[in-house]
Amino acid sequence: MAHLLSTSCTLKIAPGCKPHSRLTQDSLAFSASFSFQASKSPFKSIRLPGERFRTNSTLQETTIPSSGFRASSGEDSKAEKVMVIGGDGYCGWATALHLSKKGYEVAIVDSLVRRLFDQQLGIDSLTPISSIHNRVRRWKALTGKNIELYIGDICDFEFLSETFKSFEPDAVVHFGEQRSAPYSMIDRSRAVFTQNNNVIGTLNVLFAIKEYRDQCHLVKLGTMGEYGTPNIDIEEGYITITHNGRTDTLPYPKQGSSFYHLSKVHDSNNIAFTCKAWGIRATDLNQGVVYGVKTEETDMHEELCNRLDYDGVFGTALNRFCVQAAVGHPLTVYGKGGQTRGYLDIRDTVQCVELAIANPARSGEFRVFNQFTEQFSVNELAALVTKAGKNLGIEVQTTSVPNPRVEAEEHYYNAKHTKLVELGLQPHLLSESLLDSLLNFAIEYKDRVDIKQIMPSVSWKGIGAKPKTVTA
């Protein structure tokens, strides 16, 4: 195998902020921040922390046979540089590949801490996922397109500053947050980690934009969970109110239902303030619940395969139900099952991000788009999966389990979601064929399912200050 490059690696932990003191001692070597030096080569020179890595070693890439795929000349016409923070995660990886294929110059920034959570909790993706380095190498071999890679923690402002100065992004897509409500409700330490990681990380991104790329467009992943379940229609970010004879347009009221959701509320407030005070341009994508696993790009090769979580901490409703049906486990409906939310296919997630980048906010503008395509209750999703299972000859049962969350189980829900459609979103609605595909995908990998991880184990009312340990 011919060597394409060699890059010297030297051991050094970046000074300044020590974000990984928030993690367990056993995981320090895995999760400590990596930093990269500017280089003309496709890969950055890496500073690797921890004794598990050899110092003064060489990182080598080997040639991988090309599939012959190349983007069209029209897709290569754009010159924008997009930094995808959290690009190793579920939404981030699919988005990074999609933007790269569309002709954007892409850099992934990630601390790889999501992989650490799996190790901490004894859980795993339904799908086997390659290392981020192998993923990026495979993408280049298949498409000829390079994705730059920066491994580090955005809570370390020195690392983030050097990354901004090296890559000089025109847009930043920020997925880089702890994304699970149940994870934030396990115990005090994980609640604190979630808020510190999410709020401080986003603040650092805002300061980096102000200091180094003041015209950079921030595309931030929010959540529909910021709104809660009010007994009125949910508008897209703002609501016009008449009170005591006076009228104003104000940010829509927020009712976060976990420490995770509240961290997103804090993010939105901080971003809105910096748009007003510093002239930052930002789009807040309040995303609904994402389902599915395949996009056109991740389906090109097994090493590009995305993760799919089915456990009670990181798994989302429809993905979980499909896996449960595949292994013959009753579908776990929390409480009465009337909880209604907005949902979207992961193929629409990448579409929405692309539309936001292509149609940037103005300087000083804080836009809010509600990013989902359809509304379903949990009971409706269970019925759809039951029907899809019947079509495949699978008998699917449903069981009601005590709701571990504090939430309304029957409520009014009508959320507006027109702005992305006006920009050109062509949604992939939940169809029988898509459900059949997702069920067949779950069946293909059902031998990887750990049945013990299916039932919910995190209680909103049971959270305490004592660290919660996980036993095998």
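1. Helix axes here are lines fitted to C-alpha atoms over the stretch in contact, and angles run from 0 to 180 degrees between N-to-C directions. Helices (H or I, at least four residues) and strands (E, at least two) are DSSP runs, numbered from the N terminus. The model is predicted: local features need pLDDT of at least 70, side-chain atom pairs count only at pLDDT 80 or more, and totals for chains, interfaces and linings use all residues. Residues are numbered from 1 along each chain as its sequence is written, and side-chain values use heavy atoms, with hydrogens and water left out.

2. Helices α9 (residues 317-326) and α13 (residues 432-444) have axes 8 Å apart and pack at an angle of about 55°. The two are therefore oblique to each other; angles under 35 degrees count as roughly parallel, over 145 as roughly antiparallel, 65 to 115 as roughly perpendicular and the rest as oblique. On the α9 side the contact (heavy atoms within 4.5 Å) involves L318, N319, C322, V323, A325 and A326, which meet L435, L438, L439, A442 and I443 of α13. By class, the contact of α9 with α13 has 10 nonpolar, one polar and no charged residues. Ala, Val, Leu, Ile, Met, Phe, Trp, Tyr, Cys and Pro count as nonpolar, Asp, Glu, Lys and Arg as charged, and the others, Gly among them, as polar.

3. Helices α5 (residues 157-167) and α7 (residues 188-212) pack at about 45°, their axes 10 Å apart. That makes α5 oblique to α7. Their crossing is right-handed. From α5, the residues F157, L160, S161, F164 and K165 meet N204, V205, F207, A208, I209 and Y212 of α7. The contact of α5 with α7 has eight nonpolar, two polar and one charged residues.

4. For α2 and helix α4 (residues 132-143), the axes come within 12 Å and cross at roughly 20°. That makes α2 roughly parallel to α4. This crossing, too, is right-handed. W93, L97, S100 and K101 of α2 make the contact with I132, R135, V136 and W139 of α4. These residues divide into five nonpolar, one polar and two charged.

5. Seven strands form an open sheet with parallel pairing, in the order β7-β6-β5-β8-β9-β12-β16. Two strands pair if DSSP finds at least two bridges between them. The edges are β7 (147-151) and β16 (366-371); each has a single partner strand, so one side of each is left without a neighbour in the sheet. On average, neighbouring strands of this sheet are turned by 20° against each other, direction ignored.

6. The bridge partner of H217 is R281 in β12. Helix α8 (residues 259-278) packs on the sheet, where it touches β9, β12 and β16, and its direction makes about 150° with that of β9. Helix α2 (residues 90-101) lies across β5 (81-85), β6 (105-110), β7, β8 (171-174) and β12, and runs at about 165° to β6.

7. Another open sheet has three strands in the order β13-β15-β17, with mixed pairing. Its edges are β13 (289-291) and β17 (374-377), each with a single partner strand, so one side of each is left without a neighbour in the sheet. The twist averages 45° from one strand to the next. Strand β15 (residues 340-345) pairs with β17 in the antiparallel sense over four bridges, and Y343 has E374 in β17 as its bridge partner. Helix α10 (residues 346-358) lies across β13 and β15, running at about 80° to β15.

8. How many aromatic pairs does the structure hold? The count is eight; rings of Phe, Tyr and Trp (its six-membered ring) pair if their centres lie within 6.5 Å, with planes under 30 degrees apart counted as stacked, over 60 as edge-to-face and the rest as tilted. One of them, F117 with Y183, is tilted, at 4.5 Å centre to centre and 35° between the planes. F117 lies in helix α3 (residues 113-121) and Y183 in helix α6 (residues 181-184), so the pair ties together parts that are 66 residues apart in sequence.

Conventions. A crossing is left-handed if the near helix is turned anticlockwise from the far one by less than a right angle, and right-handed if clockwise.
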